[in-house]
Amino acid sequence: KSTLFNSLTEARVYAADQLFATLDPTLRRLQVADVGPVVLADTVGFIRHLPHKLVEAFRATLEEAVSSDLLVHVIDCADEERDDHCRQVHAVLAEIGADELPMLEVYNKIDLIGQAPRIDRDEQGRPYRVWLSARRGKGLELLMEALSELLAGDVVDTDVVLAPEKSRLRSRLFALGGVQEEEYNEQGSTLHIRMPKADLMRVLAQEGEKLENLQPR
Ligand SMILES: Nc1nc2c(ncn2[C@@H]2O[C@H](COP(=O)(O)OP(=O)(O)OP(=O)(O)O)[C@@H](O)[C@H]2O)c(=O)[nH]1
Ligand SMILES: [Mg+2]
């Protein structure tokens, strides 16, 4: 993660000084095509065996992940325990309520397995995995391309039904400018929302809600 973080940021510092400002040792501003400046955060490893006392501090760091627009899951593709590590990461994300956030996988260290850089896409053409080498600086431009596509991303246009006690979620949706129309009924209110999917998913994750549970049946 840190090697990738540094490669992405240094590469652009050399290309043009003004594109980033260091916010913190582990936060940098990164210019993404069609999106503008985004903040890239390095994190601690999710699968590290930590001394018991550090676990609480570690959780606080992980919880910051819940407020991200996109998680970049960096995977050592050459590691024998790769799939097991991925499962552990997903289990931690589920525990902190971040498993519904948009995620992009990075299969790092392709130099060790003789693969060429590439983007894997799903049936809708959305990038879900980028194969690269952070250390060799190979495939970084593909990661920037995938980030641009995902963050410029989709808009959701849907109805959600909110029970009266969900007033905080309701006001956050209004505050984000996502509510087009509201209609009251016996279940509470139905909101017609139209907003960037990333914003919606982030708010829902922070409120511990799932989109499918709020959609009218
Ligand atoms: N062969 C190879 N090694 C790499 C590549 N990227 C990173 N490494 C090496 O992998 C090791 C760990 O890299 P880090 O960037 O520190 O990993 P990290 O995810 O930040 O690790 P933690 O912060 O400890 O969780 C270092 O020895 C890196 O040089 C790569 O593309 N190819
Ligand atoms: Mg690191």
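## R168 and its partner

R168 is exposed, at 55% relative accessibility. The model is predicted. R168 meets E207 in a salt bridge, 3.1 Å from N to O. The pair links distant parts of the chain: R168 sits in helix α5, while E207 lies in the loop between α6 and α7, 39 residues apart. Is E207 buried or exposed? E207 counts as buried, with a relative accessibility of 17%.

Which residue does E209 bridge to? The partner is K166, and the closest N and O atoms are 3.4 Å apart. E209 belongs to the loop between α6 (197–206) and α7 (211–214), and K166 to the loop between β8 (155–162) and α5 (167–175), so this pair ties together parts that are 43 residues apart in sequence.

E209 counts as buried, at 17% relative accessibility. K166 is partly exposed, with a relative accessible area of 25%.

## Other salt bridges

How many salt bridges does the structure hold? The count is 16. One of them joins R82 to D83, with the closest N and O atoms 3.2 Å apart. R82 is partly exposed, and its relative accessible area is 24%. D83 is also classed as partly exposed, at 41% relative accessibility.

Salt bridges also form a network, in which E105, R118, D120 and R129 are linked.

## Helix α3

Helix α3 covers residues 82–95, 14 residues in total. From first C-alpha to last, α3 reaches 20 Å. That is close to the 20 Å expected at 1.5 Å a residue.

Which residues of α3 are buried? They are C86, V89, V92 and L93. Seen down the helix axis, the buried residues of α3 fall within an arc of 125°, so they line one face. The face of α3 turned away from the buried side carries exposed residues, R87 and E95. After α3 comes G97, with a positive phi near 75°.

## The four-stranded sheet

In what order do the strands of the open sheet run? The order is β4-β5-β7-β6, with 4 strands and mixed pairing. β4 (71–76) and β6 (118–121) are the edge strands, and each pairs on one side only. From one strand to the next, the twist averages 20°.

β4 and β5 (residues 103–108) run parallel and are joined by 6 bridges. Within this pairing, V72 stands opposite L104 in β5.

## Helix on sheet

Where does α3 lie? The helix lies across β4 and β5. Its direction makes an angle of about 155° with β4.

Methods:
Residues are numbered from 1 along each chain as its sequence is written. Chains are lettered from A and ligands numbered from 1 in the order in which they are written. This is a predicted model: local features need pLDDT of at least 70, side-chain atom pairs count only at pLDDT 80 or more; totals for chains, interfaces and linings use all residues. Side-chain values use heavy atoms; hydrogens and water are left out. Helices (H or I, at least four residues) and strands (E, at least two) are DSSP runs, numbered from the N terminus. The expected span of a helix is 1.5 Å times one less than its number of residues. Buried means under 20% relative accessible area, exposed over 50%, partly exposed in between (1.4 Å probe, protein chains only). The arc is that of the directions from the helix axis to the C-beta atoms. A salt bridge is a side-chain nitrogen of Lys or Arg within 4 Å of a carboxyl oxygen of Asp or Glu. Two strands pair if DSSP finds at least two bridges between them. Axes are lines fitted to C-alpha atoms, for helices over the stretch in contact, and angles run from 0 to 180 degrees between N-to-C directions. Contact means heavy atoms within 4.5 Å.
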